[in-house]
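Please look over the sequence and the structure before reading on.

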Amino acid sequence: MYGLTPEDLELQDRARGFADELIVHEQYAEEHAGEMREEVRHRLEARAVELGLTATNIPVEHGGRGCSTLQQVLVQEQGGRVTNALAWCLATPPGWWPAVANDHQRDTFLLPTIEGRREECYAITEEYAGSDVSDLKATATRDGDEYVLNGVKWHVTSFNRADYVFFQGVLTAGVHAGEQALFVVDKDAPGISVVRTPAYTHTIAHHHPIVAFEDVRVPATQLIGSEEDGMSFVYEWFRFERLMIGARCLGAAERLVDEMNAFARQRRIGTELLADKQLVQAMLADSLTELFAARSMVYQVARALDGGVDLKVAHAQCSMVKLFASEMANRVADRAVQVFGGRGYMRENVAERFFRELRVERIWEGASEVQRAIIADQLGKRGRAALV
């Protein structure tokens with residue numbers, strides 16, 4: 001139906017099989033703060049690497065899998081079928097990094113990450129700079145052969161699991177004063193401390209602490225690219241993540257449709273099946289239809305990126321993907337809870353877990369309202385025909 005090649009289908013099947021291996025551990029993770037037993041986690045992380053499902057966004061010449069954007073979507077879509085962030089082991093290192101990494105960055109951080117031996121996290125968001133990262137207050141000050149970093153970052157996802165962190169700050173002096181720069185920093189560098197680790201709605205092992213950077217010194221070799229490049233990396237990261245969020249939302253919606261359809265077809269109310277109730281049929285039909293529409297959109301945008309679409313058009317289209325797919329998945333999760341009834345409100349139920357977990361998809365990497373603003377701005381500048 002979606003025009004996938006035999007190679008695409010084989011990769012999709014491989015990713016689906018691995019997702020099924022992860023699903024087995026969901027209930028245990030839910031009961032243990034999102035954690036699996038350590039030996040199980042390491043085995044599954046190694047399995048993801050063995051199956052060729054990590055670093056799909058990194059070119060082969062840099063040690064990655066060299067997958068097309070569509071193939072990356074196919075892998076992440078299957079990961080989206082799994083709750084409790086167990087599929088986050090399908091790691092995608094920063095795709096923008098190989099082109100600008102110096103020897104130190106490549107050997108110390110990038111290559112070990114591509115190989116699955118190190119893990120990164122991002123310290124970009126701040127208390128008053130969330131979806132709009134252009135309003136950061138964190139600073140970076142040049143001091144000889146070093147930069148001094150200061151600021152407090154919020155929602156530093158995976159900080160507890162990561163080995164190093166990307167820090168984005170505003171330059172205080174020099175030719176590029178006022179512009180944003182990006183740095184890679186060892187997590188245990190002096191001056192980095194966790195302010196607190198808030199509890200979040202979902203049950204996953206990757207925490208999102210508030211992290212303070214107080215006079216953290218990093219060598220100039222740990223500046224990513226050049227001083228004026230910081231925002232360009234953020235925009236590329238946003239495009240990628242918004243598309244992959246769309247992909248994962250497809251997987252979540254597919255799992256929910258399958259689960260609630262199976263339940264409705266075996267649950268009896270008196271002599272009738274729940275699936276024979278027209279109001280339940282409507283929820284199933286709407287969910288399947290919206291999944292079909294979202295999948296068609298995600299795959300098409302992925303193909304457009306593979307075909308070299310204009311990046312500003314791509315930015316708007318990735319915003320459309322994130323907006324539609326994330327809101328679609330949330331509607332499907334809400335319906336699934338309703339179809340399961342009281343069972344759907346139990347944490348042992350997949351619908352309940354997705355109902356909690358999918359809510360953030362409408363917020364992180366740019367809230368739905370920000371996506372609408374981006375889309376409307378590009379519509380005004382380029383017209384409808386350039387975008388759809």
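Contact here means heavy atoms within 4.5 Å. The model is a predicted one, in which local features need pLDDT of at least 70 and side-chain atom pairs count only at pLDDT 80 or more, while totals for chains, interfaces and linings use all residues. Residues are numbered from 1 along each chain as its sequence is written, and side-chain values use heavy atoms, with hydrogens and water left out.

Q71 is placed in helix α4, where helices are DSSP runs of H or I with at least four residues and strands are runs of E with at least two, numbered from the N terminus. T56, by contrast, lies in the loop between α3 (38-50) and α4 (69-79). Burial is judged by relative accessible area, with buried meaning under 20%, exposed over 50% and partly exposed in between, using a 1.4 Å probe and protein chains only.

| Residue | Relative accessible area | Contacts, leaving aside neighbours within four places in sequence |
|---|---|---|
| T56 | 0%, buried | R65, G66, C67, Q72, V75 and T92 |
| Q71 | 8%, buried | E7, D8 and L11 |

T56 also stands 9.4 Å from G95, C-alpha to C-alpha, although 39 residues separate the two in sequence.

Turning to helix packing, two packed helices are described by the angle between their axes and the distance between the axes. The axes of helix α7 (residues 278-306) and helix α8 (residues 311-340) come within 9 Å and cross at roughly 160°, the axes being lines fitted to C-alpha atoms over the stretch in contact, with angles running from 0 to 180 degrees between N-to-C directions. Helices α7 and α8 are therefore roughly antiparallel to each other, a term for angles over 145 degrees. By class, the contact of α7 with α8 has 19 nonpolar, 3 polar and 4 charged residues, where Ala, Val, Leu, Ile, Met, Phe, Trp, Tyr, Cys and Pro count as nonpolar, Asp, Glu, Lys and Arg as charged, and the others, Gly among them, as polar.

For the protein as a whole, there are 11 helices and 9 strands, and buried residues make up 53% of the 388 residues. Among contacts between residues at least 6 apart in sequence, 74% join residues at least 24 apart. The C-alpha atoms fill a box of roughly 80 × 50 × 40 Å, taken along the principal axes.

Methods: Angles under 35 degrees count as roughly parallel, over 145 as roughly antiparallel, 65 to 115 as roughly perpendicular and the rest as oblique.
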